[in-house]
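Work through these exercises with the structure open beside you. Try each task before reading its solution.

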Amino acid sequence: MIPTFLSGVPRYLFLTGKGGVGKTSVACATAIHLARQGRAVLLVSTDPASNVGQVFGLRIGNTITEVPAVPGLSALEINPDQAAEAYRERIVGPVRGLLPETEVKVIEEQLSGACTTEIASFNEFTGLLAGDEAVAGFDHVVFDTAPTGHTIRLLQLPGSWTDFLDEGKGDASCLGPLAGLDRQRAVYAEAVAALGDPARTRLVLVTRAQRAAVEEIDRTHAELAALGLSEQHVVVNAVMPRPEGSDELAAAVYEREQAVLADLPTALRELPTDVLALKGDNMVGLDALGSLFQPGTNLAVEPAEPVDVPAGAGSLGALVDELAAAEHGLVMLMGKGGVGKTTVAAAIAVALAERGLDVHLTTTDPAAHLAETLDGTVPGLEASRIDPEAATRRYRETVLRTKGAALDDAGRAALEEDLRSPCTEEIAVFQAFSRAVNEAKRRIVVMDTAPTGHTLLLLDATGSYHRDVVRQMEEGAAFTTPMMRLHDADYTKVIVVTLPETTPVLEAEGLQADLRRAGIEPWAWVVNNSLAAAATADPLLRRRAATERGEIARVLTVDAERCAILPLLAREPVGVPALRALTAPSPAPVIA
């Protein structure tokens with residue numbers, strides 16, 4: 001049966017949701033389905049960690065590329081770095097040779113931050129929505145969007161930048177010369193119109209049958225509806241079918257997911273909803289993607305023997321033992337959304353505190369649920385989160401109290417307008433992040449970071465700040481910036497968290513490459529929710545476990561100097577006792 005969200009499809013389809021729920025697989029399967037119906041389809045990824053090319057086994061990149069195996073299908077990956085470089089050159093190129101070299105360098109530095117990268121990607125995105133000639137021949141444009149936070153930001157930009165320009169606000173140091181934006185007025189206005197027109201645009205909220213993922217799309221639904229994007233559908237991906245045997249893990253996963261489906265938030269229950277069954281194979285390649293919307297589990301022959309974890313894997317407890325050797329320092333958990341960073345961060349923090357260390361567990365992820373995951377207290381452990389709204393409010397109050405103190409009414413009003421810039425939040429969150437980094441001089445700070453794209457933007461801001469400080473300091477002056485702390489392998493330990501699946505591992509490898517380019521070497525990896533490390537006799541789960549071995553072996557032999565493997569548990573590890581069990585030498589499944 002064809003999913004309801006593919007009935008009466010408008011020209012633009014957006015697939016969004018928490019990272020790790022299978023948006024790319026659903027987007028690719030959607031594009032294949034439409035193309036096989038004889039439509040001309042363009043599949044676009046706006047995710048900084050895009051892996052559409054890997055899913056098709058094809059190099060795509062920043063130009064529209066035909067997918068030879070699927071007539072009528074083309075794909076495009078909006079590469080933020082390439083888009084930013086082209087944007088900078090469009091602005092800086094015309095003034096080279098006309099302005100002094102020192103002024104040109106200042107403009108280049110002003111255009112080197114996260115805001116410019118976001119604006120550049122946004123320009124590419126809005127062009128597709130506003131009737132760009134490049135998409136004129138396509139019947140449908142399917143957007144595989146970034147994780148939810150990026151998507152919300154991206155969809156808010158057309159309205160916020162249009163208002164920004166109409167009201168004459170703005171700071172060239174943040175946005176680049178406003179003339180470059182002003183030329184985009186008509187394009188932005190058309191993008192806003194397209195997004196809000198249900199005859200042209202449909203939003204597909206992709207989730208897993210997991211409470212955190214469902215809560216995320218519930219928030220997304222409300223935020224998108226507030227933006228005027230009312231044409232929405234829900235897809236619940238990879239749902240465990242009723243087990244035929246008596247395997248306890250399979251039964252526990254099935255019952256847990258069914259409980260989530262039965263208790264969907266009211267607003268989501270009112271939306272058209274499709275439920276897709278968990279498949280036995282990874283959704284990579286045309287055969288697998290073509291089967292995603294078909295009934296059944298696509299189950300191959302069951303492996304004769306239980307699947308084990310490749311040799312070389314360690315335990316989370318062993319990593320904690322090494323971390324506990326220091327009395328202070330920063331431990332950063334990084335990775336895409338949905339891989340369990342919050343759980344792993346909380347387990348590490350609990351274990352360190354119970355070893356008698358002074359520990360601060362914090363998060364930069366607006367959607368994190370530290371309090372719910374801990375569900376208790378541990379002596380020596382402080383928990384908090386960097387709230388973007390609260391950080392922005394404090395930043396605005398501080399600037400008005402200091403820089404605004406000596407201004408007249410007109411000057412103060414102008415300053416207040418500047419502080420309403422879309423970039424103010426990023427500055428405020430960076431400052432809060434910097435305070436947490438510096439706090440690790442006297443205690444252990446365990447930081448659960450936001451999904452990959454957000455974190456890279458934060459690191460970009462950290463690098464920009466470092467360059468500013470270096471440029472302004474006198475030669476020979478002593479100073480330490482947050483970026484210098486992150487470069488210090490004795491001070492900062494970065495742990496990459498992933499799942500034992502093709503897409504999460506590829507994205508984790510991309511993150512590691514980005515970190516290395518920034519001069520930060522990951523200290524360890526954690527492969528979470530492994531079926532190969534769990535005890536199961538269920539044929540479907542056993543088949544899924546067999547697909548993990550290659551990914552785990554790759555992490556162990558190619559990617560990680562240290563690696564811990566955590567099994568999929570029958571009961572979600574919530575509360576101090578369950579978190580403590582994760583750092584035991586050989587954590588066993590917690591059977592419900």
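**Exercise 1.** Decide how α14 and α15 are oriented to each other.

*Solution.* Start with the geometry: α14 and α15 (residues 341–353) pack at about 55°, and their axes lie 10 Å apart. Axes here are lines fitted to C-alpha atoms, for helices over the stretch in contact, with angles from 0 to 180 degrees between N-to-C directions. Next, apply the classes: under 35 degrees is roughly parallel, over 145 roughly antiparallel, 65 to 115 roughly perpendicular, and the rest oblique. The two helices are therefore oblique to each other.

This is a predicted model in which local features need pLDDT of at least 70 and side-chain atom pairs count only at pLDDT 80 or more, while totals for chains, interfaces and linings use all residues. Residues are numbered from 1 along each chain as its sequence is written, and side-chain values use heavy atoms, leaving out hydrogens and water.

**Exercise 2.** Find which residues make the contact of α14 with α15, and sort them by class.

*Solution.* Contact means heavy atoms within 4.5 Å. From α14 come Leu316, Val320 and Leu323. From α15 come Val344, Ala347, Ile348, Ala351 and Leu352. Now sort them: eight are nonpolar, none polar and none charged. (Nonpolar covers Ala, Val, Leu, Ile, Met, Phe, Trp, Tyr, Cys and Pro; charged covers Asp, Glu, Lys and Arg; the others, Gly among them, are polar.)

**Exercise 3.** Count the aromatic pairs, then classify the pair of phenylalanine 5 and phenylalanine 293.

*Solution.* Rings of Phe, Tyr and Trp (its six-membered ring) pair if their centres lie within 6.5 Å; planes under 30 degrees apart are stacked, over 60 edge-to-face, the rest tilted. The count is three pairs. For phenylalanine 5 and phenylalanine 293, the centres are 6.0 Å apart and the planes make 80°, an edge-to-face pair. (Buried is under 20% relative accessible area, exposed over 50%, partly exposed in between, with a 1.4 Å probe and protein chains only.)

**Exercise 4.** Explain why the pair of phenylalanine 14 and phenylalanine 143 is stacked.

*Solution.* The ring centres of phenylalanine 14 and phenylalanine 143 are 4.4 Å apart and the planes meet at 5°, so the pair is stacked. Phenylalanine 14 is in β1 and phenylalanine 143 in β5 (residues 140–144), so the pair ties together parts 129 residues apart in sequence. Phenylalanine 14 and phenylalanine 143 are both buried. Finally, ring pairs link Tyr12, Phe14 and Phe143 into a cluster.

**Exercise 5.** Check the phi of alanine 238 and of aspartate 375. Is each residue buried or exposed?

*Solution.* Recall the background: most residues other than glycine have a negative phi. Alanine 238 has a positive phi, near 55°. Its place is in strand β7 (residues 232–239). Alanine 238 is buried, because its relative accessible area is 11%. Aspartate 375 also has a positive phi, near 50°. Aspartate 375 lies in the loop between α16 (370–374) and β11 (381–383). Aspartate 375 is exposed, because its relative accessible area is 56%.

**Exercise 6.** How many helices and strands does the protein have?

*Solution.* Helices (H or I, at least four residues) and strands (E, at least two) are DSSP runs, numbered from the N terminus. The protein has 24 helices and 15 strands.
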